[in-house]
Amino acid sequence: MQEKEIFDLVAEYINKGYSASEIRKCAITWVDKETLEALWSVPRKNIEVFIRGCLSSLALKPPFLDLGCGRRSLKPEILQKYGEQIVFIGIDHFLPPKKGNDWGCLPNVIARAEAIPLRNGSVGTIFCMELLEHVPDEQIVLNEISRVICPDGHLLLSLPGLGIPKHEKLPFQRDYRRISAEQIETLLRAYGFGSIGLDTRILGGLQTNIFAVAKKEN
């Protein structure tokens, strides 16, 4: 099967409401496992490239907050770049199972993104990677982000593109929505962010990633 045919089928299954796991089960009959794994890993690799680019090119300031960090916070990258003395906080709403986890990358604080247990203006940089699609109300979360970040602080945001199928890990993670680049820009401005830079990634005609870098206005 040609690559275009594969992506056309994926788009068709997304339009029919198939989840990522359902599409993956079908896709293994279209392509070999090695090819499937390579294609499946592209969005995650794009996120890694985005994070590395932000760390190398932006003048980010502490304290650092990784909101919705899951099993693998950005603590190693932040400490390597800024030093062991830097304040880094990883927050998620549950503590992942112990097996196979690096304890140094697990959340420091268990809390919901709708009620971040930090003072107003107390954070210099917030990483919000693949979170807003998994919360019941993304505007409540953006309001909390706007509350805890300091003036001129950076928000680094990633979202699944419109071409990424629904993916859930129940009961801990639900998938509520997809947000377009235009919608996220409007939301960020509504919650006090400016200097907004947006970028997207496309694979086989499908939008896989949306990235945003924004600064909190005074």
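This is a predicted model: local features need pLDDT of at least 70, side-chain atom pairs count only at pLDDT 80 or more; totals for chains, interfaces and linings use all residues.
Helix α5 itself spans residues 75-82, and its buried residues are Ile-78, Leu-79 and Tyr-82. These residues lie on the same side of α5, because they cover an arc of only 95° around the axis. The elements against which the buried residues of α5 pack are α4 (42-57), β1, β2 and β4.

The loop between β1 and α5 contains Ser-73. Ser-73 is buried, its relative accessible area being 0%. The side chain of Ser-73 comes to 3.3 Å from the backbone nitrogen of Lys-75. When residues up to four places away in sequence are not counted, Ser-73 touches Asp-66, Phe-88, Gly-104 and Cys-105.

Asp-66, one of the residues touched by Ser-73, is located in strand β1. With a relative accessibility of 3%, Asp-66 counts as buried, because the limit for that class is under 20%. A polar atom of the Asp-66 side chain lies 2.9 Å from the backbone nitrogen of Leu-74. Residues touched by Asp-66, again not counting those up to four places away in sequence, are Ser-73, Leu-74, Phe-88, Ile-89, Gly-90, Ile-91 and Phe-127. Of these, Phe-127 is 61 residues from Asp-66 along the chain, yet the C-alpha atoms of the two are separated by 4.8 Å.

The largest nonpolar core comprises 32 residues, and the members that touch the most others are Leu-65, Leu-67, Ile-126, Leu-132, Ile-145 and Leu-188. At least two residues of this core come from each of β1 (64-67), β2 (88-92), β4 (123-129), α6, β5, α7, β6 (193-203) and β7 (206-216). Apart from this core lies another, of 17 residues, which includes Ile-47, Phe-50, Ile-51 and Val-213. Within the largest core, Ile-145 is one of the members with the most contacts to other members. Leaving aside neighbours within four places in sequence, the residues in contact with Ile-145 are Leu-67, Ile-116, Ile-126, Cys-128, Leu-155 and Phe-193.

Cys-128, in contact with Ile-145, is buried with a relative accessible area of 0%. A disulfide is a covalent bond between the sulfur atoms of two cysteines. The structure holds zero disulfides. Cys-54 is accordingly in no disulfide, and the cysteine sulfur nearest to that of Cys-54 belongs to Cys-128, 13 Å away. Cys-54 counts as buried, at 5% relative accessibility. For Cys-128, the closest cysteine sulfur is that of Cys-69; the two sulfurs are 11 Å apart and therefore too far from each other for a bond.

Side chains of opposite charge can pair when their charged atoms come close. The count of salt bridges in the model comes to eleven. One of these joins Arg-177 and Glu-138, with 3.1 Å between the closest N and O atoms. This pair links distant parts of the chain, 39 residues apart: Arg-177 is in the loop between β5 (149-160) and α7 (181-190), whereas Glu-138 is in helix α6 (residues 138-148). Both Arg-177 and Glu-138 are buried.

A further salt bridge is formed by Glu-144 and Arg-147, whose closest N and O atoms are 2.8 Å apart. Glu-144 and Arg-147 are three residues apart in helix α6, so about one helical turn separates them. Glu-144 is buried, with a relative accessible area of 10%, whereas Arg-147 is partly exposed, with a relative accessible area of 27%. The side chains of Asp-175 and Arg-178 also meet in a salt bridge, at 2.9 Å from N to O. In this pair Asp-175 counts as buried, at 7% relative accessibility, and Arg-178 counts as partly exposed, at 21%. The value for Arg-178 is 21%, and it falls outside the buried class because that class requires under 20%.

Key: Residues are numbered from 1 along each chain as its sequence is written. Side-chain values use heavy atoms; hydrogens and water are left out. A salt bridge is a side-chain nitrogen of Lys or Arg within 4 Å of a carboxyl oxygen of Asp or Glu. Helices (H or I, at least four residues) and strands (E, at least two) are DSSP runs, numbered from the N terminus. Buried means under 20% relative accessible area, exposed over 50%, partly exposed in between (1.4 Å probe, protein chains only). A nonpolar core is a set of buried Ala, Val, Leu, Ile, Met, Phe, Trp, Tyr and Cys residues joined through side-chain atoms within 4.5 Å. Contact means heavy atoms within 4.5 Å. A polar contact is a pair of N or O atoms within 3.5 Å; within protein, one must be able to donate a hydrogen and the other to accept it, and residues adjacent in sequence count only if both atoms are side-chain atoms. The arc is that of the directions from the helix axis to the C-beta atoms. A disulfide is a pair of cysteine sulfur atoms within 2.5 Å.
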